[in-house]
Amino acid sequence: MTNATISIRALALAALVAGPALGQSATPMPGGHMHGADGTGHDMVTMPGLRGLDASAQESGELQFMFMNFPGLNREVELLEDGIRTYTWSDDPALAAVLVSHVAAMTTRVEEGRDPQVFVQSPTLDILFARTGAVVTEIETTESGIWVTQTSADPEVVAALQTHAGEVSDMAKRGMEAVHEMMMQRASAAN
Ligand code: HEM
């Protein structure tokens, strides 16, 4: 087991322990608040597209929490020759805790090749899950967020890391609107 793996697991645990912080911000975690479905599939309350074939309720709930509170997210991205260095943060402690938990869980999944297959998930991630071991991840938390450095010796993986970092920035800036737009662009490119 690498040091990175150990620290990611420790962080995931820390984020779980920090769980009681959840619910302190303006928009509560999902569960028990079910109205709002309009039958179009664009249900901004239950967000069914955030479920996945192998995603836990906690993982989908964390995605929903970030999308519902995305205006509170800040982000900076630096492209490296062999990867990315990002800092993502929030002044809202509950949102910061969910963000850290998401990153810890997802980067561990990438290391282990366990694709959550979330319905709205970007296909940019496919290569990261297919080429297990190709990404080296280092994460460091601060009081309000998380630094992520990811590098690879595989140029195609580097390209995917950089594209994905841009997609994360777009989701942090525009929330679900960014996801819908990416899906529409892919659908029209496929026709
Ligand atoms: C507001 C929405 C979201 C935010 C703020 C967010 C945030 C992040 C951040 C900060 C990272 C670390 C990599 C980087 O900094 O570029 C990350 C990685 C990841 N996210 Fe998200 N994310 C969001 C939505 C999603 C969605 C919808 C999925 C679908 C499953 C997802 C899956 C992943 C995966 C698999 C990784 C690991 C990628 C890797 O190790 O290279 N995220 N996310």
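I start with the cut-off I need for my first residue: a residue is buried if 20 or more other C-beta atoms lie within 10 Å of its own, exposed if 12 or fewer, and partly exposed in between. One caution before I go on is that this is a predicted model.

**Entry: glutamine 117**

I counted 13 other C-beta atoms within 10 Å of glutamine 117, so this residue is partly exposed. I found glutamine 117 in the loop between H3 and helix H4 (126–130). I also looked up its backbone: phi of glutamine 117 is near 50°, a positive value in a residue other than glycine.

**Entry: confidence**

The average pLDDT of the protein chain is 84, and 76% of the residues score at least 70. I marked residues 1–26, where the pLDDT is below 50; this stretch has 42 contacts in the model beyond near neighbours in sequence. I marked residues 31–41 as well, again with pLDDT below 50, and there I noted 12 contacts beyond near neighbours in sequence.

**Entry: overall layout**

I listed 6 helices and 4 strands in the protein chain. Reading from the N terminus, I get the order α-α-β-β-α-α-β-β-α-α. Of the 191 residues of the protein chain, 33% count as buried. I then turned to contacts between residues at least 6 apart in sequence, and 66% of these join residues at least 24 apart.

**Entry: strand E2 and its partners**

Which strands pair with E2? I found E1 (residues 74–80) pairing with E2 in the antiparallel sense over 7 bridges, and E4 pairing with E2 in the antiparallel sense, also over 7 bridges. A hairpin of 2 residues joins E1 to E2. On the E4 side, I noted threonine 86 with valine 148 of E4 as its partner. I also checked burial: 5 of the 7 residues of E2 are buried, so E2 is largely enclosed by the rest of the structure.

Is methionine 66 buried or exposed? I counted 21 other C-beta atoms within 10 Å, so methionine 66 is buried. This residue is found in helix H2. Leaving aside neighbours within four places in sequence, I see methionine 66 in contact with Leu73, Val98, Leu99 and His102.

I followed Met66 into the largest nonpolar core, which has 37 residues. Met66 is among those with the most contacts inside this core, along with Val98, Leu99, Val100, Val103, Val157 and Leu161. The elements that give two or more residues to this core are H2, E2, H3, E4 and H5. H3 gives the most, with 12 residues.

**Entry: around the ligand**

I found 30 residues surrounding the ligand, and the closest are Thr86, Met106, Val110, Val118 and Met171. By class, I sorted this shell into 21 nonpolar, 8 polar and 1 charged residues. Which elements each supply at least two residues of the shell? I wrote down helix H2 (57–68), strand E2 (83–89), helix H3 (93–112), strand E4 (145–151) and helix H5 (155–174).

Notes: Residues numbered from 1 in each chain as written. Predicted model: local features only at pLDDT ≥ 70, side-chain atom pairs only at ≥ 80, totals over all residues. Near = placed C-beta within 6 Å. Nonpolar A, V, L, I, M, F, W, Y, C, P; charged D, E, K, R; others polar. Contact = placed C-beta atoms within 7 Å. Pairing = 2+ DSSP bridges. pLDDT = per-residue confidence, 0-100. Core = buried A, V, L, I, M, F, W, Y, C linked by C-beta atoms within 7 Å.
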